[in-house]
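Please look at the sequence and the three-dimensional structure that follow.

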Amino acid sequence: MKNISSVFWIVIVITAAAVLWGIVAPDNLQALTTSIQGYVTNTLGWYYLLVVSLFVAFSIFLIFSPIGKIRLGKPEEKPEFSRLSWFAMLFSAGMGIGLVFYGAAEPISHYAISSPSGETETAQAFRDSLRYTFFHWGLHAWAIYAIVALCIAYFQFRKDAPGLISATLFPVFGDRVNGPLGKGIDCIAVFATVVGVATSLGIGATQINGGLHYLFGVPNSFQVQLAIIAVITVLFLISAWSGIGKGIKYLSNTNMVLAGVLMIFMLFVGPTVLIMNSFTDTIGTYISNVVQMSFRLAPNDPDSREWINSWTIFYWAWWISWSPFVGIFIARVSRGRTIREFLIAVLFAPTVLAFLWFSIFGVSAMDLQQKGIFNVAKLSTDTMLFGMFDHYPLAMITSIVALLLIAVFFITSADSATFVLGMQTTYGSLNPENSVKISWGIIQSAMAGALLYSGGLSALQNTAILAALPFSVVVILMIVSLYKSLSQERKEIKQAEKFQKPRSPRVKKA
C-alpha cells in the first residue's frame with residue numbers, strides 16, 4: 001500500500017489491542033469501560049451539554065452572518081452532486097441505522113419504561129416521549145456534524161488544505177499541525193471514527209438478528225450477530241471498491257426510496273390523524289422548550305439525572321464520536337455550496353425528516369401501548385419495531401422491507417466510513433486506495449464484533465462516550481480556527497470590494 005501515513009499504523013495498533021482485549025478479557029473490558037463511562041457522565045455531563053449547545057449557536061450565527069455567502073470551493077465552483085443525491089448521502093451516512101433501531105423503541109421507552117417526567121404511560125409522558133426524541137435527533141445532532149463538515153470543506157476546498165482534521169487547525173497552531181501534534185489530532189479523529197462506526201455496526205447487527213429472531217425464530221446470539229457482520233462486511237467492501245460516485249451514491253438513493261415507502265405506508269395504515277397532530281404539536285413544544293432541554297442536568301434529582309446520562313449524554317457523545325466520519329464524508333460531497341446553503345440544508349432538512357420518522361413509527365407504537373392492543377414495551381429494544389409491525393397490515397412485508405433498509409443503511413455507513421478512514425490515513429487523498437479502504441472495513445467490523453462479545457449494546461455505548469471526550473476538545477479548536485480564518489477572509493473580501501467600487505465623478509463648480 002502506497003502513500004500511507006503513520007496515523008494508519010498507530011491507530012491499527014491501538015484498535016488491534018482493543019479488539020484483542022475484548023476477545024481475551026471481555027468481562028474486564030466491560031467493567032472498565034462501564035466504570036470510566038459512569039465517571040465521565042456524572043462529572044462531565046455539564047461539559048457535553050455546554051459544548052453541543054455551543055455548536056448549535058455557532059451554526060445559527062454563521063447562517064445569519066455575511067460570512068454565509070462564502071463558497072466551499074472556488075468562487076465560481078458548482079456542486080458535484082444534485083441536491084437530492086447530496087441530501088440522500090448525508091442523511092444515510094449520518095443517522096441511517098440509528099433511525100430504524102430507535103424509530104419505535106425510543107418513544108416507547110420514554111413513554112412506557114422510563115419517562116423524562118418520571119411518570120410513565122400518562123398524557124404528559126406521551127408528549128415528553130416525542131419531544132425528547134426530537135431533541136436527541138434534531139438540531140443538536142446535526143449541528144455537531146455540520147461544524148466538523150464545514151471546517152473540513154472550507155479548508156480543503158477553499159484554502160486547498162489536505163482533507164485532514166489536523167489541517168483545519170493551521171490558523172491556531174501554525175506549522176505545528178504538520179508535526180507530532182497534527183499526527184496526534186488525526187489519531188484521535190480516526191480512532192473516534194472507528195469506535196463510533198463500530199457502535200452503529202453493532203447496533204445494526206443486533207437489530208437484524210432481533211428481526212430474524214422475531215420473524216423466523218433465528219437464535220438471538222452473538223454467533224448469529226457475528227455472522228451478520230461478516231456478510232455485511234463483504235457487501236460493503238464490494239460497494240467501497242466501486243467508489244463514492246457509484247456505490248455510496250446508488251445505495252444512498254436506494255435507502256431514501258425504501259425509507260420513503262415505509263414511512264408513507266405506515267403513515268396511512270397507522271393512526272394517521274394522531275401522527276400528524278402529534279408531529280405538529282411536538283414541533284411547537286420542541287421549539288418552546290429547546291433551550292431548557294439543552295441545559296437540563298437535574299443535579300438534585302438522581303432519577304432524572306440517571307435518565308439524562310443514559311439518553312442525552314449518550315447521544316451527544318455518540319454524535320461527537322461519529323462526527324469525524326460523518327463530517328469528512330459530508331464535506332466530501334458538499335463542494336461548491338455556500339456556507340449558508342450548506343448549514344441550512346444540513347441542519348434543517350434531515351431534522352424535519354427525522355421528526356416525521358419518529359412521529360410515524362413512535363406514535364404508531366405508542367398508540368398500540370396506550371389502547372392496550374399490544375404491550376410493545378415488553379419486547380427487547382431490537383425487536384420493538386417488528387413487534388409494532390405485527391399489529392398493522394402487511395406485517396411480514398413491512399418487516400422484510402425494514403430488514404432490507406437496516407442492511408442497506410449498514411452497508412452505506414460502513415462504506416462511507418471506509419472511504420473517510422482511507423482519506424484520513426493517506427494524507428487527505430480524495431481517492432484512497434482500495435487496499436486501504438478494505439483494511440479499514442475489516443478493522444471496524446472486528447471492533448464491532450469485539451465490543452459485542454465483551455458486553456453487547458452497553459459496551460458499544462460506553463466506548464462511544466469515552467472516544468468522544470478527547471475529540472470534543474478538537475472540535476472546539478476547529479471552531480476557533482474556522483472563525484479566525486473566515487473573519488480574515490471576510491475582511492479581505494470587503495477590502496477588495498471597496499477597492500473595486502467605482503468612484504462617483506466629481507462635478508466641478510461653475
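Helices (H or I, at least four residues) and strands (E, at least two) are DSSP runs, and they are numbered from the N terminus. The model is a predicted one, in which local features need pLDDT of at least 70 and side-chain atom pairs count only at pLDDT 80 or more, while totals for chains, interfaces and linings use all residues. Residues are numbered from 1 along each chain as its sequence is written, and side-chain values use heavy atoms, with hydrogens and water left out.

The pocket comes first. Rolling a probe the size of a water molecule over the atoms shows where empty space is left. A 1 Å grid over the protein atoms alone is used: a cavity is a set of points where a 1.4 Å probe fits but cannot get out, whereas a pocket is an open set with protein on both sides within 12 Å along at least five of seven lines, and lining residues have an atom within 4 Å of a point. Grid points are joined across faces, edges and corners, and a volume is the space filled by probe spheres set on the points. The largest pocket holds about 310 Å³ of space. Its lining consists of 19 residues, and Pro162, Ser166, Ala167, Val177 and Asn178 lie nearest the centre. Two or more lining residues are given by each of helix 7 (170-173) and helix 8 (180-216). Helix 8 supplies the largest share of the lining, 3 residues. Sorted by class, the lining has 10 nonpolar, 5 polar and 4 charged residues; here Ala, Val, Leu, Ile, Met, Phe, Trp, Tyr, Cys and Pro count as nonpolar, Asp, Glu, Lys and Arg as charged, and the others, Gly among them, as polar.

The surface is the next topic. Leu20, Ile23, Val24 and Tyr453 form a nonpolar patch there, and together they have about 420 Å² of accessible area. Patches are made of residues with over 30% relative accessible area and no salt bridge, with like charges joined within 9 Å and nonpolar side chains (Val, Leu, Ile, Met, Phe, Trp, Tyr) within 5 Å. Accessible areas come from the Shrake-Rupley method with a 1.4 Å probe, and for residues only the protein chains shown count as cover. Helix 1 (residues 6-24) gives the most to this patch, with 3 residues. Val24 has its place in helix 1. Why does Val24 count as exposed? Its relative accessible area is 64%, and exposed means over 50%, buried under 20% and partly exposed in between (1.4 Å probe, protein chains only).

Charged side chains can be followed in pairs. A salt bridge is a side-chain nitrogen of Lys or Arg within 4 Å of a carboxyl oxygen of Asp or Glu, and by this rule the count comes to 9 salt bridges. In one of them Arg131 pairs with Asp128, and the closest N and O atoms are 2.6 Å apart. Because these two residues are 3 residues apart in helix 5 (residues 123-137), about one helical turn separates Arg131 from Asp128. Arg131 is buried at a relative accessible area of 11%, and Asp128 is buried at 3%.

Glu489 and Arg158 also meet in a salt bridge (2.5 Å, N to O). Glu489 belongs to helix 16 (residues 434-500) and Arg158 to helix 6 (residues 139-158), so the pair ties together parts that are 331 residues apart in sequence. Both Glu489 and Arg158 are buried. Another salt bridge joins Lys371 to Asp367, with the closest N and O atoms 3.4 Å apart. In this pair Lys371 is exposed, at 57% relative accessibility, whereas Asp367 is buried, at 7%. A network of salt bridges links Arg83, Arg337 and Glu341.

The backbone is the last topic. Most residues other than glycine have a negative phi, and most peptide bonds are trans. Ala298 is not a glycine, yet its phi is positive, about 50 degrees. Ala298 is found in the loop between helix 11 (272-294) and helix 12 (302-332) and is buried, at 18% relative accessibility. Tyr427, also not a glycine, has a positive phi of about 60 degrees. The loop between helix 15 (395-424) and helix 16 holds Tyr427, which is partly exposed, at 41% relative accessibility.
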